[in-house]
Amino acid sequence: MKPIDYWTDAGKPRNLATLTPQERSQLLETLKQMEAKEWILRHKRKTKDLGKMKASAWWWQTLSDIEKKRGLPATNDLRRRMNNINEGRKNEPV
């Protein structure tokens, strides 16, 4: 099953309260992966618009803000996911 099949199934009510714990877990995993992809795209855009140095400063400030709001484990999880996505892209055939 794809990560979001359970959520897009027309037969299921679209209410988080009706999801099983496994479905909620799958949804959370999907959201975390999508967030990591979104931050990668934002960083690439900043690098293109501002240059590498300013984009790097922006990113470290963003990580600091995320850490303040969510804590260090969540920040490390986001960075790990982003690194895994980038590593996967490097290993893809051109």
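Mentor: Let's start with a term: helices (H or I, at least four residues) and strands (E, at least two) are runs assigned by DSSP, numbered from the N terminus. This is a predicted model, in which local features need pLDDT of at least 70 and side-chain atom pairs count only at pLDDT 80 or more, while totals for chains, interfaces and linings use all residues. Residues are numbered from 1 along each chain as its sequence is written, and side-chain values use heavy atoms, leaving out hydrogens and water.

Trainee: Which elements does the protein chain have, and in what order?

Mentor: The protein chain has four helices and zero strands. Read from the N terminus, the order is α-α-α-α.

Trainee: Where does Arg81 lie, and why is Arg81 called buried?

Mentor: Arg81 is part of helix H4, residues 72-90. Buried means under 20% relative accessible area, exposed means over 50%, and partly exposed is in between (1.4 Å probe, protein chains only). Arg81 has 7% relative accessibility, so Arg81 counts as buried. Across the protein chain, 21% of the 94 residues are buried.

Trainee: What is Arg81 in contact with, leaving aside its neighbours within four places in sequence?

Mentor: Those partners are Glu29, Lys32, Gln33 and Ala36. Here contact means heavy atoms within 4.5 Å.

Trainee: Which residues of H3 are buried, and what makes them line one face?

Mentor: They are Ala55, Trp59, Thr62, Leu63 and Ile66. Looking down the axis of H3, these buried residues fall within an arc of 105°, so they line one face of the helix. The arc is taken from the directions that run from the helix axis to the C-beta atoms. There is a general point behind this: an α-helix has 3.6 residues a turn, so residues three or four places apart point the same way.

Trainee: What do the buried residues of H3 pack against, and what is on the other side?

Mentor: They pack against helix H2 (21-50) and H4. On the other side of H3, the residues Met53, Lys54 and Lys68 are exposed.

Trainee: Why is the pair of Trp39 and Trp58 called tilted?

Mentor: The structure holds three aromatic pairs. Rings of Phe, Tyr and Trp (its six-membered ring) pair if their centres lie within 6.5 Å; planes under 30 degrees apart count as stacked, over 60 as edge-to-face and the rest as tilted. Trp39 and Trp58 have ring centres 6.1 Å apart and planes at 45°, so this pair is tilted. Trp39 lies in helix H2 and Trp58 in helix H3, so the pair ties together parts 19 residues apart in sequence.

Trainee: Which of these is Trp58, buried, exposed or partly exposed?

Mentor: Trp58 has a relative accessible area of 22%, so Trp58 is partly exposed. Trp58 also forms a tilted aromatic pair with Trp59, 6.0 Å centre to centre with 45° between the planes. Trp59 is buried at 10%, and Trp39 is buried at 12%. Trp39, Trp58 and Trp59 form one aromatic cluster.
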